[in-house]
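Reader: Hi, I'd like to go through a structure with you. Could you put it up?

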Amino acid sequence: MNKIILIINSLSVESRQNFVLWLKNKNRRGDVKNITLFNYLLKGETSNLDSKLYGKPNKNAFHALCKRLQDSLLDFIATKSFEGESSEELNVLKLLVVSRLFLEQKEYKLGYATLAKAERLAIFIDHYSLLNEIYHTKIQYAHCNSSLDLNATFNSANVNMKAFQKDFKLNMAYAEIKEKILKTNSFTQINTIVESTFKKFEVSIHASLSYKSLYQLMNLTSITAKLQRNYYRITPFIEEAYAVVSSKKTLAYKHLYYHIGILQVMAMVYFRNKNFTKSVAFMEKMETEMQKNNKLYYKRFLGDLTVLKVLNYNYTGNYVKALQILSKNRTERLDIELIHIMCLFQQNKYKDAYGIFKKLYHSDIWYEKKAGWIWVLKKNILEILLLIELDELDLVLLRVKSFKIKFANKLKQIKEERVITFIQLALAYYESPKKVVSEAFKEKVEISFDWRENKEEDIYVMSFYAWLKAKMYTKDLYATTLEMVCV
């Protein structure tokens with residue numbers, strides 16, 4: 001039953017409603033116990049369900065019902081996922097299956113004609129794994145087709161196999177890097193992990209990589225940059241990868257999901273590099289692609305699009321538009337909640353910001369599992385700054401102490417002790433606001449941080465420091481932030 005609950009929890013509200021409708025259409029009898037059980041589990045009820053369903057204890061019937069419900073859930077998810085696959089890929093698969101059927105029935109001419117159609121379509125959409133199956137079938141039945149150029153077929157198969165192996169190696173590299181990043185406690189090893197894994201699997205950017213592999217490569221690089229808080233360094237690599245994507249532009253609509261994902265990565269990389277013009281350009285391309293194919297992937301990427309819109313509006317001076325979008329947000333994305341708090345904080349709306357903050361009632365451990373430890377770090381910094389502005393002395397001291405315990409060692413591992421320094425300086429301001437404007441304090445700040453060049457510094461790091469700078473020079477926080485991030 002725990003497996004069923006996990007599956008149910010993985011479904012969106014809309015998917016749960018669709019599943020009940022799907023079950024109603026599937027049920028051939030008046031017996032709707034599977035729907036009743038589903039509704040019980042949806043409400044969190046797990047005790048004595050056999051008695052509630054059958055009027056008396058009946059463990060055997062209940063276990064059988066649970067098995068049927070689990071199978072139905074898996075069948076539903078698989079069916080919906082299958083519907084979401086590209087029609088071209090399904091067409092290739094259908095043509096391949098039909099061609100094999102014809103060949104098995106010794107209808108060789110018809111079989112090979114169908115197989116040729118499958119091959120042309122598979123080549124068009126760069127589907128190397130299906131092409132492997134197609135060439136395997138062609139070679140298997142080569143003795144039945146006297147007009148087949150066997151050497152040419154071998155050559156095509158070998159060329160495709162090399163492309164497939166490159167794709168497959170990248171997939172293995174992607175899996176290994178993700179596993180190692182999750183397992184290691186030392187984030188200073190990330191670059192070493194990526195470089196050694198790419199070398200191990202001989203991974204490089206190449207035109208033969210599929211859309212999916214290019215997306216994986218760019219997404220992984222972006223994740224690494226996020227953990228290192230340095231998007232500037234990965235920009236040339238990302239741009240090189242996108243150049244390969246652009247060379248495949250005729251395939252963009254065939255791989256709509258990955259194309260939207262790639263545009264999202266590009267928009268975020270340029271935003272983090274403070275190149276708002278390019279970020280907005282890619283964001284607009286992304287939104288255009290999201291409209292295609294009857295908005296098939298619109299809901300899937302709506303949260304990402306909202307994040308990009310809000311951030312770009314906010315950091316180009318249009319905070320009003322950013323807050324309007326945030327007030328209408330219904331995506332339930334944790335990063336959007338944090339951005340909302342940040343935007344309100346920058347406009348000195350501390351009570352409103354703290355009102356949203358108090359709705360984040362889960363533990364930091366829970367949030368770290370859901371959104372990552374960097375999200376939790378930013379959440380804790382924002383909380384301390386909010387409490388300082390709201391003059392909550394006891395809470396400020398308590399949160400600063402807790403912050404050091406939680407993050408000191410991890411920040412030391414990634415050589416970001418400056419975060420602890422920032423918190424200490426923030427506390428120093430709170431304890432003696434008048435001293436923060438002194439030349440002595442300004443000099444102390446100057447020598448306390450290991451500064452990066454403006455073009456390399458992370459935009460979020462700059463945003464936090466802008467608060468301290470605004471206090472030092474008695475300026476408006478938002479104006480100071482925009483002044484700092486303009487490269």
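Author: Here we go; the chat below takes the overall picture, then some helices, single residues and a pocket.

Reader: Great. What kind of model is this?

Author: This is a predicted model.

Reader: How many helices and strands does the secondary structure come to?

Author: There are 26 helices and 0 strands. The C-alpha trace spans about 90 × 65 × 40 Å along its principal axes.

Reader: What share of the residues counts as buried?

Author: Of the 487 residues, 47% count as buried. As for contacts with a separation of 6 or more, 65% of them are between residues 24 or more positions apart.

Reader: Let's pick a helix. What can you tell me about helix 16?

Author: Helix 16 covers residues 298-315, which is 18 residues. From its first C-alpha to its last it reaches 25 Å, close to the 26 Å expected at 1.5 Å a residue.

Reader: Where is its kink centred?

Author: The kink in helix 16 is about 30° and is centred on Asp 304. Asp 304 is also one of the buried residues of this helix, among them Phe 301, Leu 308, Asn 312 and Tyr 315.

Reader: And what covers those buried residues?

Author: The cover includes helix 13, helix 14 (276-290), helix 17 (319-327), helix 18 (334-346), helix 25 (459-472) and helix 26 (477-485). After helix 16 comes Gly 317, with a positive phi near 95°.

Reader: Why does Gln 264 count as buried?

Author: Gln 264 counts as buried because its relative accessible area is 16%, and the cut-off for buried is under 20%.

Reader: Nice. Changing topic: where is the kink in helix 22?

Author: It is centred on Phe 407 and comes to about 50°. Helix 22 runs over residues 393-413, has 21 residues, and reaches 30 Å from first C-alpha to last, close to the 30 Å expected at 1.5 Å a residue.

Reader: Which residues of helix 22 are buried?

Author: Val 396, Val 400, Phe 403, Phe 407 and Leu 411 are buried. In general, an α-helix has 3.6 residues a turn, so residues three or four places apart point the same way.

Reader: What lies over them?

Author: Helix 21 (373-389) and helix 23 (418-431) are included in what covers the buried residues of helix 22. Just after helix 22, Lys 415 takes a positive phi of about 60°.

Reader: Is Asn 294 buried or exposed?

Author: Asn 294 counts as exposed, because its relative accessibility is 78% and the cut-off for exposed is over 50%.

Reader: How about Asn 34, buried or exposed?

Author: Asn 34 counts as buried, at 12% relative accessibility. Asn 34 lies in helix 3, where the buried residues also include Ile 35, Leu 37 and Phe 38.

Reader: What is Asn 34 in contact with, leaving aside neighbours within four places in sequence?

Author: Its contacts are Leu 23, Asn 27, Leu 65 and Leu 69. The C-alpha atoms of Asn 34 and Lys 24 are separated by 9.5 Å, with the two residues 10 apart along the chain. Just after helix 3, Gly 44 has a positive phi of about 90°.

Reader: Last one: how much space lies in the second largest pocket?

Author: About 590 Å³ of space lies there. The pocket is lined by 32 residues, and the closest to its centre are Arg 418, Glu 457, Val 461, Met 462 and Tyr 465.

Reader: Which helix gives the largest share of the lining?

Author: Helix 25 does, with 7 residues. Helix 21, helix 23, helix 24 (439-448) and helix 25 are the elements that give two or more residues each.

Reader: And how do the lining residues divide by type?

Author: They divide into 19 nonpolar, 1 polar and 12 charged.

Terms used. Residues numbered from 1 in each chain as written. Predicted model: local features only at pLDDT ≥ 70, side-chain atom pairs only at ≥ 80, totals over all residues. Heavy atoms only, no water. Helix = DSSP H or I, 4+ residues; strand = E, 2+ residues; numbered from the N terminus. Expected span 1.5 Å × (residues − 1). Bend = angle between axes of the 7 residues up to and from the residue. Buried < 20%, exposed > 50% of the residue type's maximum accessible area, 1.4 Å probe, protein only. Contact = heavy atoms within 4.5 Å. 1 Å grid on protein atoms, 1.4 Å probe; cavity = no way out; pocket = protein on both sides within 12 Å on 5 of 7 lines; lining within 4 Å. Points joined across faces, edges and corners; volume = space filled by probe spheres on them. Nonpolar A, V, L, I, M, F, W, Y, C, P; charged D, E, K, R; others polar.
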